[in-house]
Amino acid sequence: MNLSLNTEGDIFVEFFLFVTGFYSAKHCYSDAINRNMPECSKNSIIYTLKKFSKLLSYTIPVTVVSYLVHNYTIIYSDGIKTFLACMTNLPTELLLLGAAYGINDNAPLWQLSAMLICFPLFLLILQLLDRYTLIIIAFISACLRYGYLEVTYRSDFGDLSRVMVGLIIGAFLYNIRYMIDSIIDSKIKRIV
């Protein structure tokens, strides 16, 4: 039997998504939950923009340097016109929207791009659904994503489904922790 760790680091992407979903659920549930759709939508977008605007100061220079380094040989071989044509995806990647258009020229940005797209919907789900519904959704989506789609290689939504399911599983883990804490608290209250 040949056992090995995934050397490409895919498992760490999942871990990051679980942790992000866990702490996002903690944040959403620590606030008083308002189930008003317009207010929840506004809160989701504001929270997402606030979180991701902090990343732009890091991702913009790195992405520009990455594009320049990746395409610098084109200037010498094919000319400046071809070089500029290769740079057409740069604005989309700088705004972290590459996952929306299937652009993956700067590979490390796919996760941030997919998270930017999925995060408002994820936060909306956290605010509008109760804990038990979220647990059911997490179970079904995990079975579909990591079971059927991964085994059959039919991931039509690719990065976006991977990110959304990872975030939902993180929220599921937070809810499980919350339930365990409430059970322990009730047992301690009975004892005292």
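What is the volume of the largest pocket? It comes to about 200 Å³, in a model that is predicted rather than determined by experiment. A pocket here is an open set of points on a 1 Å grid over the protein atoms alone, with protein on both sides within 12 Å along at least five of seven lines, and lining residues have an atom within 4 Å of a point. The volume is the space filled by probe spheres set on the points, which are joined across faces, edges and corners.

The lining of this pocket includes Phe 16, Tyr 23, Tyr 47, Phe 52, Met 115 and Phe 119. H1, H2 and helix H6 (109-128) are the elements that give two or more residues to the lining, and H1 gives the most, with five.

A few words on ground rules. Local features need pLDDT of at least 70, and side-chain atom pairs count only at pLDDT 80 or more, while totals for chains, interfaces and linings use all residues. Residues are numbered from 1 along each chain as its sequence is written, and side-chain values use heavy atoms, with hydrogens and water left out.

Stepping back to the whole chain, the secondary structure is eight helices and zero strands. Helices are DSSP runs of H or I with at least four residues, strands are runs of E with at least two, and both are numbered from the N terminus. Of the 192 residues, 35% are buried, meaning under 20% relative accessible area with a 1.4 Å probe, protein chains only. Among contacts (heavy atoms within 4.5 Å) with a separation of 6 or more, 70% join residues 24 or more positions apart.

Just past the end of H2, Gly 79 takes a positive phi of about 100 degrees.

Over in helix H1 (residues 10-30) sits Glu 14. Glu 14 counts as buried because its relative accessibility is 10%. Beyond its neighbours within four places in sequence, Glu 14 is in contact with Tyr 146 and Arg 162.

Definitions and conventions: Buried means under 20% relative accessible area, exposed over 50%, partly exposed in between (1.4 Å probe, protein chains only). On a 1 Å grid over the protein atoms alone, a cavity is a set of points where a 1.4 Å probe fits but cannot get out, and a pocket is an open set with protein on both sides within 12 Å along at least five of seven lines; lining residues have an atom within 4 Å of a point.
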